[in-house]
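Keep the chain in view as you read.

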Amino acid sequence: MEELPHVVHEKIRTLSAEGDLLAQKQRFDEAVTRYNEAWKLVPEPKANWQASTWLLAAIGDACFLGGYFKSGADAFSFALHCPEGLGNPFVHLRLGQCEFERGNLPEAIEQLTRAYALEGADIFGQDDPKYFDFLKSKISPPTSAVW
């Protein structure tokens with residue numbers, strides 16, 4: 001896989017770090033703006049770069065936490081097409097949560113199931129228990145009967 005030019009990578013990392021600080025302060029609109037500035041620097045085709053995966057995850061996370069579930073779902077859906085996006089438990093978790101909040105329950109079940117299959121119940125640990133409770137009501141329990 002080709003690497004981004006060093007100067008571009010550093011600008012993306014700097015803007016992303018600024019976005020992270022804003023997100024930590026729960027200033028999600030500003031965080032998304034900063035992440036989007038970084039996103040504009042990713043060369044085409046954007047789906048080819050490792051940086052796209054983590055940058056879209058940051059955008060999607062800030063959107064989710066800020067209540068912008070459609071934008072979050074869009075970011076995470078695109079991340080699935082980027083390097084190591086498909087199979088990333090966090091990407092699947094947040095995409096499932098965004099879809100749950102949007103009322104797209106079949107897609108929520110699919111994505112939350114993937115997150116659970118990849119990471120187990122711990123992936124739900126920091127979030128509202130409603131997401132794991134929802135999933136448990138839609139899928140069969142593990143053969144061990146221990147969620």
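Start in the loop between helix H2 (28–41) and helix H3 (50–66), where Pro45 lies. The model is predicted. Most peptide bonds are trans, and most residues other than glycine have a negative phi.

**The cis bond**
- Find the peptide bond from Glu44 to Pro45, which is cis.
- Its omega is near -10 degrees.

**Positive phi at Gln26**
- Gln26 sits in the loop between helix H1 (6–24) and H2.
- Phi of Gln26 is near 60 degrees.
- That value is positive, and Gln26 is a residue other than glycine.
- Is Gln26 buried or exposed? Gln26 counts as exposed because its relative accessibility is 63%, and exposed means over 50%.

**Positive phi at Glu84**
- Glu84 is found in the loop between helix H4 (69–79) and helix H5 (89–102).
- Glu84 is not a glycine, yet its phi is positive, at about 60 degrees.
- Glu84 has 60% relative accessibility, so it counts as exposed.

**Around Glu84**
- Which residues does Glu84 touch, not counting residues up to four places away in sequence? They are Gln50 and Thr53.
- Now look from Glu84 to Asp29: the two are 55 residues apart in sequence.
- In space, Glu84 and Asp29 are 26 Å apart, C-alpha to C-alpha.

How values were computed
Residues are numbered from 1 along each chain as its sequence is written. This is a predicted model: local features need pLDDT of at least 70, side-chain atom pairs count only at pLDDT 80 or more; totals for chains, interfaces and linings use all residues. Side-chain values use heavy atoms; hydrogens and water are left out. Helices (H or I, at least four residues) and strands (E, at least two) are DSSP runs, numbered from the N terminus. Buried means under 20% relative accessible area, exposed over 50%, partly exposed in between (1.4 Å probe, protein chains only). Contact means heavy atoms within 4.5 Å.
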